[in-house]
Amino acid sequence: MHAPEPTRDEPDVDHAYDMIVVSNRLPVDYEEGPDGETRWRSSPGGLVTALEPVMRAADGAWIGWAGVADREFDPFERDGISIIPVPLSEAELEDYYEGFSNDTLWPLYHDVIAPPSYHREWWEAYVRVNRRFAEAAARAASDGAVVWVQDYQLQLVPRMLREARPDLVIGFFNHIPFPAYGIFSQLPWRRQVIDGLLGADVIGFQRPADAGNFSRAVRRLYGYTTRGTIIDVPDARADGETRRVVARHFPISIDTAGFEEIARRPDVQARAREIRESLGNPETILLGVDRLDYTKGIRHRLKAFGELLGDGRVAVEKTTLVQVASPSRERVETYRQLRDEIELMVGRLNGDQSTLGHQAIAYLHHGYPREEMVALYLAADVMLVTALRDGMNLVAKEYVACRFDDDGVLLLSEFAGASDELRQAVLVNPHDIEGLKDAIVEAIRMPRRERGRRMRALRKRVRENDVANWSARFLETLTGAGIIKPGVSDPLQAAIGRLAGTERLLVALDFDGTLAPLVDRPEDARATERARAAIERLATADDTRVAIVSGRALESLGAVANPPSGAMLSGSHGVELKLDTGPIQIDLRDTELAKLERLSEIVEGVADGSSGAWIERKPAGLALHTRRMKANDGLALQQDARDRVTAELLGITVRTGKAVLEFAVRSSDKGESLTRLRQHVGATATIYMGDDVTDEDAFAALDTVDIGVKVGQGKSIATYRVRSTDDVALLLERLADARDAAREAESRWP
């Protein structure tokens, strides 16, 4: 029977913050001093490491629970970050955290490896606590602030925040897997959870499959349109309008440099030697490091190792397994039972297989400081990660980061998210015990040269995608801000490599700001010489089609683009198309012609007398350009034109671009145009590059196999970015090279 909840006052937040992180736990741990005073100890987690610099630079606050029930704490500052504790009662800890979060959602999201429990009082506590977190964030956030919500315990917070503070930019990251719909549909509150998550602008997942599972759940439960990583969600603030939500994978990582720095310390290396000596200096040390959780595959690992010893394929005198199983959720009955099972297995195996001088398994039910874990990583010859289901598994990456000696073997479950990136590991299906045994033997016997080759490749990957890179990519997608380095990034280069072998490729490109630098006089725009040469290379191949997609009228686009032979053109945001059969004529209805005439009169009246403004006429509309005006004056003029047009004319499409406001009497966009182009050429994959707000429609139309590249700064749903038109040219050259290499490789195939 639960004790009644204590009364509590609202957290005292007297400052508004531009950047807020909301998570179940704070980045500090509560400690009580000898005299009863409150002390706070920093948590060494990777999330904290990644976000600390961002939080300090952006005047940030962290909202979360302090880790102790029935206690309230005032907001305080720690290491340059404002901390806002949210209280939980003992009853809420049982129902919201141990109950719904960890005995309902956790097993459900991990493919029901253990059966979930469904209790209405747990759900009610989950809703209540999520609302408390959302209210704390709403009070603390400044106008237009960025709020980043973390993990499955707080899935309702985005929608609650959206309703309370529609001005906020809201992100959510799910650190654990998201299950297939057939499993997720078991949840009695499935619609509420999906609706809660759709309150975010960007929803991040560990793996592409998780993002796909979420999008499918949205389609099944709500029927919303999904295109690739984009979900069109009805906007409650505007009838008939939709909000674009990005649901995409952003694989999390670790503080790679920090782990390597510890591993290179002489005292840590000496400790690694001590560990080997304390184990009797066996030829091979196998290592498992896990929270004691049924998703980690510890039982499968122990079973496989025990059978190898029993079969005589591995000798206890030469091989030892060290299993670190840190305590986890010990108040939950499922976890208490698991501990009993694991310790019984370890006892039986040691009793059956150990000798007086050699213990088969060293089992450690403790948590250890980071330095001790790094020493264990250095001491281990083979790292065993046999998770049955895992969002990522950072232990695999930590082991790789520590092996600066380019030695050691990582044996990795294909059901861990890390397997998507760490392809040079020995990949296993932990449910296949015979296959797992063979993989362990392979890892033990692997030659030094092969170990070095694999580890160098793994280390390169972990260095490239560290936790700082992960947070930067997520926040860049969420806000459009971030440093864009010149050239072609390694992830984008890898994506090009995957795209290069497709059967029929469509290369679709915006013109102004993408192929051609922006200029004051639109008629002076020209593609850079390198970009021009690269698209000519691409256009000459039978298996590749090039299209230039622009907001310009088709006549203007043809004049400035001077497209290569065989290139297709899309003008006026898709209203005009020039395919292989020649231009498509636009026949406006009488009502549309009348609207166009009146539209011209209104906009001309606004532009007359404004120095620096000019009008570009198109077959189904016109564009008011303000690039030559001061920024504020241009925005004011655009707003005046928008107000006058919308007040008098109905059914006019209004589109904002870079220093341009466009009106059309017939609706179309670059996404519709791209879809028609792709269908026309029968493309098996597409790459689209653009710099403007209007290019977002094209990015939204891409499929999961396609590549979207945003040119320059600004918020975008594109997966990749380059800095400038020069980098576009370089990217096109790399793409042409990759296509040539793929064709050559295919021609040599027997």
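Predicted model: local features only at pLDDT ≥ 70, side-chain atom pairs only at ≥ 80, totals over all residues.
Figure 1. The lining has 20 residues in total. Asp 512, His 625, Arg 627, Val 660 and Glu 662 lie nearest the centre of the largest cavity. The cavity holds about 280 Å³ of space. In total, the model has four cavities of 30 Å³ or more.

**Figure 2. The second largest cavity has a volume of about 90 Å³.** Its lining is made of 15 residues. Nearest the centre lie Ser 572, His 573, Lys 618, Phe 663 and Ala 664. Which strands each supply at least two residues of this lining? They are β25 (621–625), β26 (653–657) and β27. β27 gives the most, with three residues. The lining of the second largest cavity divides into five nonpolar, six polar and four charged residues.

**Figure 3. The largest nonpolar core has 101 residues.** Ile 63, Leu 198 and Phe 214 have the most contacts inside this core. Which helix gives the most to the core? α3 does, with 11 residues.

**Figure 4. A closer look at Leu 198 shows its contacts.** Neighbours within four places in sequence are set aside here. Another core, of 85 residues, lies apart from the largest one. Among its residues are Leu 412, Ala 425, Leu 579 and Phe 699.

**Figure 5. Val 112 has a positive phi.** Most residues other than glycine have a negative phi. Val 112 is not a glycine, yet its phi is about 45°. Where does Val 112 lie? Look in the loop between α2 (90–109) and α3 (120–140). Is Val 112 buried, partly exposed or exposed? Val 112 has a relative accessible area of 30%, so it counts as partly exposed. Buried would need a value under 20%, and exposed a value over 50%.

**Figure 6. Asp 406 also has a positive phi.** Its phi is near 55°, and the residue is not a glycine. Asp 406 sits in the loop between α13 (394–402) and β17 (409–413).

How values were computed: Residues numbered from 1 in each chain as written. Heavy atoms only, no water. 1 Å grid on protein atoms, 1.4 Å probe; cavity = no way out; pocket = protein on both sides within 12 Å on 5 of 7 lines; lining within 4 Å. Points joined across faces, edges and corners; volume = space filled by probe spheres on them. Helix = DSSP H or I, 4+ residues; strand = E, 2+ residues; numbered from the N terminus. Nonpolar A, V, L, I, M, F, W, Y, C, P; charged D, E, K, R; others polar. Buried < 20%, exposed > 50% of the residue type's maximum accessible area, 1.4 Å probe, protein only. Core = buried A, V, L, I, M, F, W, Y, C linked by side-chain atoms within 4.5 Å. Contact = heavy atoms within 4.5 Å.
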